[in-house]
Amino acid sequence: MHAKPPKIDMTPMVDLFFLLLIFFILTATFRPQEAVMVDTPSSISNTTTPEKHIITLMISRDNMVFFNVDNGIDSSEHLRGKILQAVGQQYQIKFTPAEIKRFEGMNSFSLPMDKLKPWINEKESKVRDAMHTGIPMDSTDNQLLMWIRFSRQYYPEFEVAIKGDRDADYKQVKKVIDILQDNNVNRFNLTTNLESVEISLDNL
Amino acid sequence: MAEIIANEGGGKQKGKRRAKRHSTHIDMTPMVDLACLLLTFFMLTTAFSKAKVMEIVLPEKTPKDQKDEAPQVDKDRALNIILIGDNKVLWYNGLADPRKPPLPVLNETDFSDEGIRRVVLQRNKDLFVQIEEMNKALVEGTLKLPKDTVTARRKKMMTEDKKGPVILIKAAEGVKYHNVVDIIDEMAICNVARYALVDINSVEKKMVAQFLAGEASGTASLK
């Protein structure tokens, strides 16, 4: 009798692994990490977020407003870069082509115009995330209004999504909505989590 | 380091093993390890559920030079919901007009199923039943309609609704964002045809302050 070591044929398992791996690689979409965590409220709405041409305004738990303009996967139009240049021109700040290119791959920010340049050039993402101080949005210097105005100048059909944290103050959200309405945006998408609600007429 | 020691100590054994080898085998273990690792990584980083959005359309702002007029709402249909902090909701029927006293009484409730939903549903019962019956028929298969027609019918039912409430949602100080989303969601749940998000006016501010003061004195006297 031979004392053969027991062998398990792992081929099917490995095949399955590869199949799954390929599936996940193909379905994965990569997004740069957001600067803040936002815990959105839930609703029964089942509409999905538009994938491109979207202005996202995030309102964090501590009432800071983050601005992001996203063109989805298709970046051939270079809208982000154009908007940055236009807003920069408004505030007499010139961005180098390298900075514009870097900005196109970046995410939402909450910074006044003069702090934007160091933020773009900062290599360390942790340092970058700590730089956000808020976009000025009072009547004397309303930079958020400018960002929205120039974004819509380059692409008037931009949809606006407001992604507020559950515990953000409504006052701040209202302020953002007011600024949007000043830009003739009267249609908003409030980002929410899906929840299901069952009601029966019996308890009426 | 471990490898070097193993080589020195087991040199003899290694030689023996090599002599025993017959077939050419490719060791796939590292490749499978790597595949496993990548698989785990992609599985953990993939987000399947996409974020959902709730659409709201607000009325256009009135220009600053024009006087801001209060929306004209039928007194019998008006239902005012005032959100105040601490997840509390106040509501009253009709309109608060200081020229026509007495002012309506504020009722307190909350965001639970038995709270504001009951209030809204009772007012909106007819339309709600109408729409729910259509939905039920669609689910059971007794009614077969394309999706567009369903939406159109729903819309038609809502615009033709003449009895349902006109709900005015107002937010006082200290309201959190999720309160507002919850109340708009409640409108969607109860199939309310007409509702608007409006600013709280001075009369209502006074009413809320009075209510809260009354409540505070009430709890104080209880103690």
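Visitor: In this predicted model, is the crossing where helix 5 of chain B passes helix 6 of chain B right-handed or left-handed?
Guide: The two helices cover residues 125–140 and residues 147–160 of chain B. A crossing is right-handed if the near helix is turned clockwise from the far one by less than a right angle. Helix 5 of chain B passes helix 6 of chain B in a crossing that is right-handed.

Visitor: Which residues make this contact of helix 5 of chain B with helix 6 of chain B?
Guide: Helix 5 of chain B contributes Leu127(B), Gln130(B), Ile131(B), Met134(B) and Leu138(B). By class, the residues of this contact divide into 7 nonpolar, 1 polar and 2 charged. From helix 6 of chain B come Val150(B), Arg153(B), Arg154(B), Met157(B) and Met158(B).

Visitor: Why do helix 5 and helix 6 of chain B count as roughly antiparallel?
Guide: The axes of helix 5 and helix 6 of chain B come within 10 Å. Helix 5 of chain B is roughly antiparallel to helix 6 of chain B because angles over 145 degrees are put in that class. The axes of these two helices cross at roughly 165°.

Visitor: Are helix 1 of chain A and helix 3 of chain B oblique or roughly parallel to each other?
Guide: Helix 1 of chain A, residues 11–27, packs on helix 3 of chain B with the axes 9 Å apart and at an angle of about 40°. Angles under 35 degrees would count as roughly parallel. Helix 1 of chain A and helix 3 of chain B are therefore oblique.

Visitor: How many nonpolar residues are in the contact of helix 1 of chain A with helix 3 of chain B?
Guide: The crossing of these two helices is left-handed. Helix 1 of chain A brings residues including Phe17(A), Leu21(A) and Phe24(A), and helix 3 of chain B brings residues including Ala35(B), Leu39(B) and Phe42(B). The contact has no polar and no charged residues, and its nonpolar residues number 14.

Visitor: Which element gives the most to the side of chain B that touches chain A?
Guide: In all, 36 residues of chain B are in contact with 41 residues of chain A. Elements that give two or more residues to this side of chain B include helix 3, strand 1 and helix 4. By class, this side has 22 nonpolar, 5 polar and 9 charged residues. With 9 residues, the element that gives the most is helix 7 of chain B.

Visitor: Is Glu159(A) buried or partly exposed?
Guide: The place of Glu159(A) is in strand 5 of chain A, and the residues in contact with Glu159(A) include His53(A), Ile54(A) and Asn189(A). A residue is buried if 20 or more other C-beta atoms lie within 10 Å of its own. Glu159(A) has 17 C-beta neighbours inside 10 Å, so Glu159(A) counts as partly exposed.

Visitor: What separates the C-alpha atoms of Glu159(A) and Pro50(A)?
Guide: Pro50(A) is one of the residues in contact with Glu159(A). Glu159(A) and Pro50(A) are 109 residues apart along the chain, while their C-alpha atoms are separated by 7.8 Å.

Notes: Residues numbered from 1 in each chain as written. Chains lettered and ligands numbered in written order. Predicted model: local features only at pLDDT ≥ 70, side-chain atom pairs only at ≥ 80, totals over all residues. Axes fitted to C-alpha atoms, helices over the stretch in contact; angles between N-to-C directions. Helix = DSSP H or I, 4+ residues; strand = E, 2+ residues; numbered from the N terminus. Parallel < 35°, antiparallel > 145°, perpendicular 65-115°, else oblique. Contact = placed C-beta atoms within 7 Å. Nonpolar A, V, L, I, M, F, W, Y, C, P; charged D, E, K, R; others polar. Buried ≥ 20, exposed ≤ 12 C-beta atoms within 10 Å, placed from the backbone. Lists of a residue's contacts leave out its neighbours within four places in sequence.
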